Amino acid sequence: MSPNPSLDIAPRDVDGDRRIASSQPGRQRAVKKPRAQFTPYSLLIPASAVLAAVIGWPLVQLVIMSFQEFGRAQVFGAPSPFIGFDNYVEVLTDQSFWLVMFRSFAFAAVCVTSTMVLGTLIALLMSELGKVMRLILSIGLLLAWAMPALTATIVWGWMFDTSYGVVNYVLTRWFGLDYIGHSWLIEPLSFFFVAALIVIWGAIPFVAFTVYAGLTQVPDEVLEAAQLDGAGAVQRFRLIIFPYLRSIFLVVFILQIIWDLRVFTQIFALQGIGGIKDQTSTLGVYIYQNSLGTGEYGTGGAIAVITVIVITAISFYYVRQSVKEEEL
Amino acid sequence: MEAGSYDDKFYAAPLYSGSRLVFYKKDALAAAGLSVPTTLDEYISNGVALADANPGASGIWWPGQDWYNALPFIWENGGEVATFEGGEWKSQFSSAESIAGIEQVQEVMTDASRAPKDANETNPQVGYCEGTTLQLSAPSWVKWSILAPLDAETPGCPDEEANLGVYAMPGKDGGAAQVFAGGSNIAVSAKSAQPELAKKALAIILSDEFQSIYGANGLVPAKLSLADTLGTDEVAVAISEAAGAARLTPASPKWADVEASGALTDFFVQVAQGGDVTSLAKDLDAKIDSILNG
């Protein structure tokens, strides 16, 4: 390795030839070096600035607010005194918070697992299909992906409507079951079944497209060789495709966990259609109910900060895990 | 009415309001041999009788989330939503009087209504026009939803006009029940950049001429003197009857938080499902107390 540590960071490290060339002392290198180091970082500036303004600043505000007494009066200009960890103590000693937390994790676990499995299966299907069928499938997936979550929830809500829903109609008319006037949202488990259906339906296209894009990068000759050696479809997926796509799966998996843990639109809209809010709230909706709903911005902020910490911790764990495995 | 005041201070002028009325199908009521009820008890028994006589139809259509319609039952039985005593709000849903009212609500929701137990009260014209809703209590402007032209964005059934009857919900001892007045207030913002102009605009809005436009369109004007602008038809008579006895939700700055928390809709959805009224009301009171005094 080069004795100069700064060279290890620079991108031209990748190329062995250039490293030898550039390690020779000379005027040219002295001029080039700072610019070469600055350019990649300067490209990050626009995105970082946007992120700092749009996500960073509100996050800072949120953290500050979570340590303050902040209700409706404070929105209208009353002073907001710092009260230490009072908001956090209140949230963490509230039994309903832990119920919501448990509910969110259970819901996310079901959604993430189903989305990953079904999305991967559809990706595999896409790589086997002919051109025409693949195009039709892609268009179908794109439409589902392009549908705003609120619109989708309203339409799914109509399908599961108690009085006029097509689901009750079909179950009653075609399958001879008594689903006349059956409410799908009034029982929490049934509510989450409908909610999961909407969330999974909306998330599958992303997984399917991403995994399909990855599948096209798996070298055919490796798969062919494995087939000749007698590897079945499951073995080929487990031993060849999965290791090739490991990083793609990881990124998609983490994104799904984040999205499903903080799901808001689908649950919020469904609660407006039916069901009992108290028994069906997940973290995203619970934060809304506490801050914008009941005006307790301080405690709402504390719940939000706890959620951010939990989600970051989970993501960090998986990223570290995968980095470790790659190092082995 | 005391709309717009809090702590004996006047904050905002009433703008207009809309009372809740009962809309019904004249032919259905006649076919069951019933007449327009004169007491709350009769209103309930009529609803149950209509539902029994027309299987699958609602004698009184009442989806579980519609808590506004429950207030007259509580008030007529002498109950309150919340009272303010010694500097503290006390939610009153579990008082003996309120429980009596809520038990009547439960009777209507379970025996007279075939509406979904957990649905909200939007688009009441659908069931009415379809024929599965024989009576419903709703804000006065629902008349226009029911009679909307067939080619409207949300179509109604204009051919039902002759059959559409309306009356003010009757009280426990006759007369009009104390119903919930939904409406708006108007005030000049404390931080207004043009307070003088705003006050002039307010004067125009509260003038007889402007307020008469509300009356002519079926909304209750802010001034008692303009009651006759409502007109003299059946709806107008019902509106003025109901408006005279209309009441408001507690005048607490935090009442909006109670509504937004969803505690009331959750409560009445569970009442509609046949839940135990007394224990549910106690839980609700605890929740509302903590919001109003929190």
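Author: A polar contact is a pair of N or O atoms within 3.5 Å; within protein, one must be able to donate a hydrogen and the other to accept it, and residues adjacent in sequence count only if both atoms are side-chain atoms. This is a predicted model, where local features need pLDDT of at least 70 and side-chain atom pairs count only at pLDDT 80 or more, while totals for chains, interfaces and linings use all residues. Residues are numbered from 1 along each chain as its sequence is written, chains are lettered from A and ligands numbered from 1 in the order written, and side-chain values use heavy atoms, without hydrogens and water.

Reader: Thanks! How many residue pairs are in polar contact between chain A and chain B?
Author: Let's begin with how many residues meet: 21 of chain A are in contact (heavy atoms within 4.5 Å) with 22 of chain B. For polar contacts, both residues must be at pLDDT 80 or more. The count of residue pairs is 11.

Reader: Which elements give two or more residues to the side of chain A that touches chain B?
Author: Elements here are helices (DSSP runs of H or I, at least four residues) and strands (E, at least two), numbered from the N terminus. Chain A has 17 helices and zero strands. The elements you want are α14 and α15 of chain A.

Reader: Which residue of chain A joins B:K287 in a salt bridge?
Author: A salt bridge is a side-chain nitrogen of Lys or Arg within 4 Å of a carboxyl oxygen of Asp or Glu. The rule finds two across this interface. In one of them, at 3.4 Å from N to O, the partner of B:K287 is A:D278.

Reader: Is A:N87 buried or exposed?
Author: A:N87 lies in helix α5, residues 86-92, and its side chain reaches the backbone oxygen of A:Q68 at 2.8 Å. Beyond four places in sequence, its contacts include A:M65, A:F67 and A:A302. Buried means under 20% relative accessible area, exposed over 50%, and partly exposed in between (1.4 Å probe, protein chains only). Because its value is 6%, A:N87 is buried.

Reader: What is the relative accessible area of A:L245?
Author: A:L245 sits in the loop between α12 (233-244) and α13 (246-261) of chain A. Leaving out residues up to four places away, A:L245 touches A:V211, A:G214, A:L215 and A:V218. A:L245 is buried, and its relative accessible area is 4%.
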